Amino acid sequence: MLVQQDNPKPQNPKSPKFHPNRFSPSKSLDFSTWVSQNLYKIITISILITTVAAVFFLRNTGDPAAFLCFRSQTTTPQTLTLNYPQIDYDSIAPIVDNTTPYSRFRSDNWVIVSVSDYPSNSVKKLLKIKGWQVLAVGNSKTPDDWSLKGTIFLSLEDQAKLGFRVVDYLPYDSYVRKNVGYLFAIQHGAKKIFDFDDRGELIDDNISKHFDVELGEKGRKDVVLQYNRDNPNRTVVNPYIHFGQRSVWPRGLPLENVGEIEHEEHYNEVFSGNQFIQQGISNGLPDVDSVFYFTRKQNREPFDIKFDQHAPKVALPEGVMVPVNSFNTMFHYSSFWGLMLPVSVSSMASDVIRGYWAQRLLWEIGGYVVVYPPTVHRYDSVESYPFAEEKDLHVNVGNLVHFLVSWKSSKRRLFEKVLELSYSMAKEGFWSEKDVKFTAAWIQDLISVGYLQPRLISVESRRRKSVINHGERKDFVPQKLPSVFLGVEEKNTVNYEIGNLVRWRKNFGNIVLIMFCNGPIERTALEWRLLYGRIFKSVIILAENKNLDLVVEEGHFDHLYKQLPRLFNRFENAEGFLFLQDNTILNYWNLVQADKTKLWITDKVSRSWSTVPYDGNKDWYGKQAEMVKQVVKSMPAHLQVNYKDHTNNHDSSLTICTSDVFYIPQRLVVDFIDLVNLVEDLEIHQKVAIPMFFLAMDSPQNFDSVFSKMVYKRKPPLNITTSFYSPEVSAVHPLRVSNEQEFIELIRVMAAGDPMLLDLV
């Protein structure tokens, strides 16, 4: 039983117990006496009635902003502390199906597909597959009268009645509602689940022809080629190269790996039988990301990409990963726990992140992923590709893979490792606490429907059993299939624009961007993440009012520096932290040459960094200066000496910096935190504290001058114009973006430095 539940089920009321002499004898009171003795009750009830009336009024005024404002003022602030869910495994009750007509139905083999429209031809053709039960999972877009003979259909209403805990976390309009379908299939006897997409057609209408449906004693006793581990730094591969397409890469492959198009020099071999997750390749429109889709398409002609159907299947060794999707993937019973589609990430990232998460845990039970030759054909409908829905892929997937490969756990049961890894991923920012709670609910639901978790296998045992040691290497040279339809020449490097994006991502991929928004976050938070999230390790957005739905944290600019240590501790392995206000635009392509081990700030920009004289504590500057003196006196020797050596007349002048943009390398994080602790409760303003800290941490001569060439104006322009904005500088201040249209205008002028930004609009 999960200790923390969002919607605990009400318990059956127990019979009341009667106690003799429970009530004191009644008293005869006149009205004034009664009022005086019960005054606190009257006041309490009056406040309650007033509150209910106010809420009722606001709900019916038609002004949702007023209601949200009222809620924000009356709701107790929630902490950002990440709680580790506690599961009482011995108290989890079974869940039985007593709400559908299929309560007694059982099947070993299931095909699960999400449907948003009436049955497609692809879904209808699935019914031809013998021995497989098709389960269609609906969402809010699915027609109410959806029906297909021979198919089990779960509408939103059906899903809500099943009693699964995970339902409370699922969005209504997303394919991730397949989570309910997975649990339903397991509840009804599933041993194999084919995760499928209703836009694809299974080649030859035969699953067993393409996948290893039977494993163990019933399976084929063959061996499988396996990627080699000669390069210990390789953590992810592009399987499309093995199947003849060197210019194509799958959705979820880190962009920094796109240019690695050389085929495998040699392979190892592994015993068949533990390929618990089997990923198929798709002809036609393979599973590619929006970067490929936009940059490789010259015209409106649909893609019709062919892969080598005769290439042998290939396994992934422990320590090397591959993108796994929900379009064309076979899961065996031992990997059913890995079917969980996360809910706090973007829809086009959910299955890929699930795949990487599951692969890491799969190693713990001695399992591995195998990629198979073309198994389905997907048709390119020539529709706009959802770049925005892939934001979590281009932002974090490379860092996620490195994190997963290095992750270790001492837990002794698989479900405990599953929960621990989900918690660790939330701590690192790869998904939110919602998915930690969701994982706990998923584990409990698995147990409730009768799923038995696999046993763990030690690292030593996995290594002994993994590779067949014949003392020789196995060779296979992939075909080089035609790729003229791609609209590009086959090269050893990707095109110029993608090459730049990869270079920027490599340079800034371990730097955290901390952004403070003065503008309306409801209309800009997602846009800022799309703009900068492609480049940086993570984008943390702070504003005066937090927004849990947009993952915007609360922060107050006047003393925002006091919150930075908490954010630094959240990303202990980050290379550095870049702070940015939303009225300053960062031209990241001009920051590549900056030294990431040095401090960056606008000390060379006179309108941003200045010295103000003061006379005692008669005005605001004088009061701030007096507090600065207190901090300087308490500084450790090395910090105090630095500060005094580089401040002229610090007894009569105060250094001010607008603090619109600055960077702190990891090596100076400890000094920064120490300085924040010295300030304690003093009300030193951000514009005073930041220059004081920087002058104490290092000499201005050692600051990187990357921001010395930024465009800095005191008065913002009336609108965004190309004459004010320049792609040739490191940053531009001020440019304010308050809505989607202004963001589009900004993107168009920034595209002069990063042409691929046009894909965002």
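**Aromatic contacts and model confidence**

Good morning. I begin with a charge over a ring: Arg413 lies over the face of Tyr89, 4.8 Å from the ring centre. A second case involves Arg199, which sits over the face of Phe327 at 5.5 Å from the ring centre. Please bear in mind that this is a predicted model.

I turn now to pairs between aromatic rings. How many aromatic pairs does a search of the whole structure find? The search returns 38. Consider Trp620 and Tyr621, whose ring centres are 5.3 Å apart. Their planes meet at 80°, and the cut-off for edge-to-face is over 60 degrees, so the pair is classed as edge-to-face. As for accessibility, Trp620 is partly exposed, with a relative accessible area of 41%. Tyr621 also counts as partly exposed, at 33%. Elsewhere, one aromatic cluster is formed by Tyr561, Phe568, Phe577, Phe672 and Phe693.

Next, confidence. The protein averages a pLDDT of 83, and 82% of the residues score at least 70. Which elements mark the two ends of the scale in mean pLDDT? Helix H6, residues 178-187, has the highest value, 98, whereas helix H3, residues 64-74, has the lowest, 32. Over residues 39-79 the pLDDT is below 50, and this stretch has 13 contacts in the model beyond near neighbours in sequence. Residues 484-494 likewise have a pLDDT below 50; there the model shows 28 contacts beyond near neighbours in sequence. Where pLDDT is low, the predicted coordinates should not be read in detail.

Thank you.

How values were computed: Residues are numbered from 1 along each chain as its sequence is written. This is a predicted model: local features need pLDDT of at least 70, side-chain atom pairs count only at pLDDT 80 or more; totals for chains, interfaces and linings use all residues. Side-chain values use heavy atoms; hydrogens and water are left out. pLDDT is the predictor's confidence in each residue, from 0 to 100. Helices (H or I, at least four residues) and strands (E, at least two) are DSSP runs, numbered from the N terminus. Contact means heavy atoms within 4.5 Å. Rings of Phe, Tyr and Trp (its six-membered ring) pair if their centres lie within 6.5 Å; planes under 30 degrees apart count as stacked, over 60 as edge-to-face and the rest as tilted. Buried means under 20% relative accessible area, exposed over 50%, partly exposed in between (1.4 Å probe, protein chains only). A charge sits over a ring if NZ of Lys or CZ of Arg is within 6 Å of the ring centre and within 35 degrees of the ring normal.
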